[in-house]
Amino acid sequence: MLPAVVKLCCGISYPHLRSMAGLQRAALAALGQELSHLQNAGHIIHPAWSGSLRWSWGKEFKKTEQVGTKDAALGDEDVCYLRQGEEALKKAQEIVESKDGWKIELAEKNGEVIYSKVLKGNRKVFRLEAELDATPEELYDILFIRVEEMHQWNPSIGQIKVLKHVGKSTMVTHEVSAETAGNLIGQRDFLSVRHSSKSETHVYLGGAATRLESLPPQPGFVRAEDGPTCIILQPLHGHPGKSHFIWLLNMDVKDSQQSLW
């Protein structure tokens, strides 16, 4: 749910951007606390497809399908956003699955590991792997369905608003970072397309920066750029109610003179 978790596609922590690995750990902790709260309160809603999703360990299909029912006929603009989301997720998966170049930044005794690698163009990305006390369906609910609520549990996010839904699997969102003490780097905003899909053993959440004519860069904010990024959710073998969580953080916060436009 996402960048640091969770942006994901999915929210992100912005303070002290020089320490992305630390941001991922802090965001993951915040996500865990919110999951526990929602589970105890019984407020997590399972998606309609969860009952028919077969978590057969060891049998994985590369071919994925849209989460939910097939999208109805879409206009040209919506098709464009859908394709952007699908392509972002595909590219992010390729980065995660690539075996070359990854090095360990941080490894915890509880199994959490953060890796990093440098992509072409000297862009550094991070991959966090952890075990979470929640099912993939519960994580999907909090990271995708409840995306507008992220600011309630991640203090680094000021606001996330869904600007447009494209079927059940894709959305366009505008995210604003929370103000930081001293405002040393200035507030960032992100305009992103977010996309979800599933295979027989995984749920995938992906995203990337996009454009929207009705929302150009805003005065007082630097339009930063994320993606392609993704979160991959898989049930943890032998541990019902838990998930293996992979999150790719890939972000360019820009400087005050730069803009996505």
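This is a predicted model: local features need pLDDT of at least 70, side-chain atom pairs count only at pLDDT 80 or more; totals for chains, interfaces and linings use all residues.

Trainee: In which element does R127 lie, and is R127 buried or exposed?

Mentor: R127 belongs to strand β4, which covers residues 123-132. With a relative accessible area of 9%, R127 is buried, because buried means under 20%.

Trainee: Over which rings does R127 lie?

Mentor: The charged end of R127 sits over the ring of W102, 4.7 Å from the centre of that ring. R127 also lies over the face of Y115, where the distance to the ring centre is 4.1 Å.

Trainee: Which residues is R127 in contact with, leaving aside its neighbours within four places in sequence?

Mentor: Those contacts are V96, W102, V113, I114, Y115, I246 and W247.

Trainee: How is a pair of aromatic rings described?

Mentor: One gives the distance of the centres and the angle of the planes. In this model, a search of the whole structure finds one aromatic pair. The ring centres of Y140 and F144 are 5.6 Å apart and their planes stand at 20°, so the pair is stacked; planes under 30 degrees apart count as stacked.

Trainee: Where in the chain do Y140 and F144 lie?

Mentor: Both are in helix α3, residues 136-145, and they are four residues apart, about one turn of the helix. Y140 is buried at a relative accessible area of 3%, and F144 is buried at 4%.

Trainee: How many residues of α3 are buried?

Mentor: Nine of the ten residues of α3 are buried, and the helix is mostly covered. The buried ones are P136, E137, E138, L139, Y140, D141, I142, L143 and F144.

Trainee: Which residues touch the most other members of the largest nonpolar core?

Mentor: That core has 29 residues, and L139, L143, M150, L205, I231 and F245 touch the most other members. Two or more residues each come from β4, α3, β5 (157-166), β8 (203-209), β11 (229-235) and β12 (243-249). The element that gives the most is α3, with five residues. Another core, of 13 residues, lies apart from this one, and Y115, I232, I246 and L248 are among its members.

Trainee: Which residues is A224 in contact with, beyond its neighbours within four places in sequence?

Mentor: A224 is in contact with R188, D189, F190, D252, V253 and K254. For V253, 29 residues from A224 along the chain, the C-alpha atoms of the two are separated by 4.6 Å.

Trainee: How many helices and strands are there in the protein chain, and what percentage of its residues count as buried?

Mentor: The protein chain has three helices and 13 strands. Of its 261 residues, 53% count as buried. The chain exposes about 12,600 Å², and carbon and sulfur atoms supply 50% of that area.

Conventions
Residues are numbered from 1 along each chain as its sequence is written. Side-chain values use heavy atoms; hydrogens and water are left out. Rings of Phe, Tyr and Trp (its six-membered ring) pair if their centres lie within 6.5 Å; planes under 30 degrees apart count as stacked, over 60 as edge-to-face and the rest as tilted. Buried means under 20% relative accessible area, exposed over 50%, partly exposed in between (1.4 Å probe, protein chains only). A charge sits over a ring if NZ of Lys or CZ of Arg is within 6 Å of the ring centre and within 35 degrees of the ring normal. Contact means heavy atoms within 4.5 Å. Accessible areas come from the Shrake-Rupley method with a 1.4 Å probe; for residues, only the protein chains shown count as cover. A nonpolar core is a set of buried Ala, Val, Leu, Ile, Met, Phe, Trp, Tyr and Cys residues joined through side-chain atoms within 4.5 Å.
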